[in-house]
Amino acid sequence: MSIKRRNFLLLMGGSAGAVAFNTLSGCDRKLTVEPNTQSLKALSVFEPVKSPIPLQTAGFNPEQQQEAYRNYEVVDDLVLPKGFEYQVIAAWGDKVGDSRFGYNNDYLSFVPIGENEGYLSVNFEYISAIPWIQTYAKVIGKSLPFDEVIAKLSYDSQSENGINAYGLSEDDSLKAQIREICSEALLDQGLGIISIRKNADGKWERTSSDADRRITGISGLTDGRYLKATGPAVLVFRKQQGLGYTDKLGDRIIGTFGNCAGGTTPWGTVLSAEENFQSQVTEPVYADGTSFEPEKVPFVFGKGDLYGQGNVFGLAGNKYGWIVEVDPANPNDYGTKHTWLGRYRHEAVGVRVESGKPLAFYSGCDRRGGHVYKFVSRDPVSNPKDKANSQLLSQGMLYVAKFDSNGTGNWIPLNADTAVNPDLPSNIAGNLIHLPLGQQSSGDKRTLFQVPEPIKGNYLTATKDEEIARYKQQFKKLGDLYAGNAEEKQGVILIDAHYAANAAGATCTARPEDTEIAPNGDLYISFTSGSPSKDGGPDSRIFKGPKGETPYEYGWVMRLTEDRNDPAAETFKWEIVATGGEPNSGGMGFANPDNLLLDKSGNVWMVTDTSTSKLNNAVKSRTNDEGKAANISGLFGNNTIWYIPTSGENAGKAFLFGIGPMDCDTSGPSFTPDKQTMFLAIQHPGEANGTRLNNASETREYLVYTTTGEEFTQTRKVPIGSNWPDKSSDAAPKPAVIYISKT
């Protein structure tokens with residue numbers, strides 16, 4: 001079928017491989033257009049871009065697919081449908097206030113302050129060591145002592161697994177050099193606020209207002225711009241002495257980092273989620289909520305590694321892994337961490353705010369075996385747009401989801417009176433679950449377990465069902481696991497939320513990466529990967545492939561509906577609405593769903609997050625050396641942008657809207673109020689191979705299936721490294737924020 005024929009059928013209401021839009025989002029019109037009620041001239045046509053593998057929505061019939069996909073070339077650019085273009089708004093190193101635009105931009109939030117004008121809040125998640133080290137001097141215009149530190153660490157055999165820079169003397173030159181590198185790395189993380197507007201030419205541009213500012217990983221260290229905190233964990237922060245380490249700063253907090261996805265409130269504040277903080281500071285805590293010592297996460301540095309950045313500064317690990325609220329319009333606001341929302345590896349915040357009802361904030365813990373959480377405020381909302389609603393985040397209760405295989409579930413409160421009732425390892429892919437061991441010591445005769453050393457984490461790794469029976473014999477309630485009075489214990493439970501949730505019997509899930517509220521109140525959750533690891537794995541009764549496969553790598557999108565549509569409901573219903581994987585096997589053609597964006601009609605925009613190490617890997621066999629199914633993530637090419645209608649005749653089909661540059665994530669999609677512009681973050685281009693030199697590329701082979709299951713060999717040309725966004729030969733790759741609009 002020709003493209004013209006497909007487009008004609010579409011415009012006449014047919015189901016061809018193109019999508020009709022009224023605005024960029026398609027939020028005001030169904031995909032099937034009635035010619036007698038709408039002028040055809042008002043429509044533009046988004047013809048899906050060509051995927052690396054055959055898709056049912058691509059417009060090629062099975063007989064055409066082998067010829068159409070036998071050869072494929074990956075492009076080091078953001079590939080969009082015809083009729084759409086992008087422009088860079090800001091890139092790593094650009095000036096922002098008295099600082100600079102950070103690295104690995106992720107979640108984006110546009111808060112309007114007038115017509116075609118507003119604040120764009122940007123998360124900066126982490127440092128990709130290879131391109132950051134390789135291009136730092138070129139982009140930032142100054143040098144850091146990379147080679148000197150690597151040489152010293154290589155010479156010292158004791159630093160093979162990292163070095164406790166915090167323990168070095170203040171006059172040690174190595175400590176000073178490590179501090180310099182870590183200062184710059186943490187400076188490039190956190191949040192940024194930039195003011196933007198659409199000019200007379202229809203282009204978005206920065207206006208550099210007084211509100212432009214950076215909140216970094218070291219805010220407060222030398223400038224007095226500490227972050228604040230609310231909720232029960234503040235009592236733990238204020239401890240000057242405890243079972244473990246305290247930073248003696250009380251409830252003042254140095255910086256924020258690991259800032260991945262987030263959410264936006266109706267009253268105009270932005271919520272930023274601290275995700276993989278455990279790479280920089282300690283995650284485990286003692287029974288009273290105090291941190292393990294900084295030496296437990298040493299500074300690790302090499303050509304491809306940069307971890308433990310909080311070590312040299314003695315940062316207390318219990319102050320990271322929270323949700324940070326910031327008012328973009330207030331130039332003096334440097335963030336508040338609301339501890340009632342829990343401490344874990346947050347990926348996003350789904351915000352549900354309705355007059356007369358309590359707030360409901362949803363979030364997921366993005367680890368293998370992580371959980372889905374809901375915070376419900378104690379008091380109801382009066383006016384959803386009142387900035388005083390932020391105060392509601394300091395009183396309430398945190399709940400964690402228990403999914404049943406029959407499509408129902410319930411919310412478990414995380415408080416001291418909740419029963420200890422862990423799931424069984426036999427139900428979990430990978431057959432393990434980590435549980436807190438509280439105050440018990442190996443010398444206590446009541447202890448039924450050998451307590452691991454703190455360096456391993458003060459947790460029991462249960463791998464057999466009988467261990468759970470013994471655990472429940474010893475501990476009856478969550479309060480039995482933690483130390484302090486009632487209010488202090490509540491603070492510790494929130495600090496140790498992931499492990500407390502394991503003990504309470506929360507469902508272990510498949511890396512929940514986004515939580516988004518639909519216009520009707522439904523919660524959409526993206527689960528990125530169902531493979532297990534040493535962190536844990538998902539419940540095999542819930543997370544299955546299209547043919548019942550467990551474990552299943554390629555991800556899902558779930559819809560959760562609260563009973564009675566009540567944000568404070570204790571029970572819910574759930575269903576899987578989209579499954580990743582190859583079309584011939586029952587998948588929708590994408591892999592590893594990440595950030596979601598829902599328009600006013602409830603249609604889903606989605607970006608993907610296949611890990612950099614798997615992108616475009618050759619697939620020469622469908623089985624591994626053990627005869628099991630091989631990981632075929634490389635088939636799906638670079639990370640992508642998708643559109644999934646939820647109504648009309650195309651409901652439930654996935655249409656490919658864009659493909660990102662080399663090694664990147666396409667992150668943080670966000671619309672302007674008129675839906676004519678999409679903001680998008682391009683994160684870590686060139687993460688695996690750094691700068692693309694001399695237009696280097698490589699030819700690889702893939703065993704590909706048509707949508708009906710016929711196998712053929714594809715030859716794919718893959719760039720090595722990246723030059724995005726400059727795209728000139730040998731240009732340094734830089735994370736950047738762009739906007740997409742129709743030409």
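The model is predicted: local features need pLDDT of at least 70, side-chain atom pairs count only at pLDDT 80 or more, and totals for chains, interfaces and linings use all residues. Residues are numbered from 1 along each chain as its sequence is written, and side-chain values use heavy atoms, leaving out hydrogens and water.

**The sheet**
- Nine strands form an open antiparallel sheet, ordered β19-β20-β21-β22-β23-β29-β28-β27-β26.
- Strands are DSSP runs (E, at least two residues), numbered from the N terminus, and two of them pair if DSSP finds at least two bridges between them.
- β19 (350-352) and β26 (512-517) are the edge strands, each pairing on one side only.
- Strand β23 (residues 408-413) pairs with strand β29 (residues 571-579) over three bridges, in the antiparallel sense.
- Asparagine 410 stands opposite threonine 571 in β29.

**Aromatic pairs**
- The whole structure holds 34 aromatic pairs.
- Rings of Phe, Tyr and Trp (its six-membered ring) pair if their centres lie within 6.5 Å; planes under 30 degrees apart count as stacked, over 60 as edge-to-face and the rest as tilted.
- Phenylalanine 299 and phenylalanine 301 are stacked, 5.8 Å centre to centre with 25° between the planes.
- Tryptophan 605 and tyrosine 643 have ring centres 5.0 Å apart and planes at 55°, so this pair is tilted.
- Tryptophan 605 lies in strand β31 (residues 604-608) and tyrosine 643 in strand β32 (residues 640-644), 38 residues apart.
- Tryptophan 605 is buried at 0% relative accessible area (buried means under 20%, exposed over 50%, partly exposed in between; 1.4 Å probe, protein chains only).
- One aromatic cluster contains Phe46, Phe84, Trp605, Tyr643, Phe657 and Phe671.

Methods
Helices (H or I, at least four residues) and strands (E, at least two) are DSSP runs, numbered from the N terminus.
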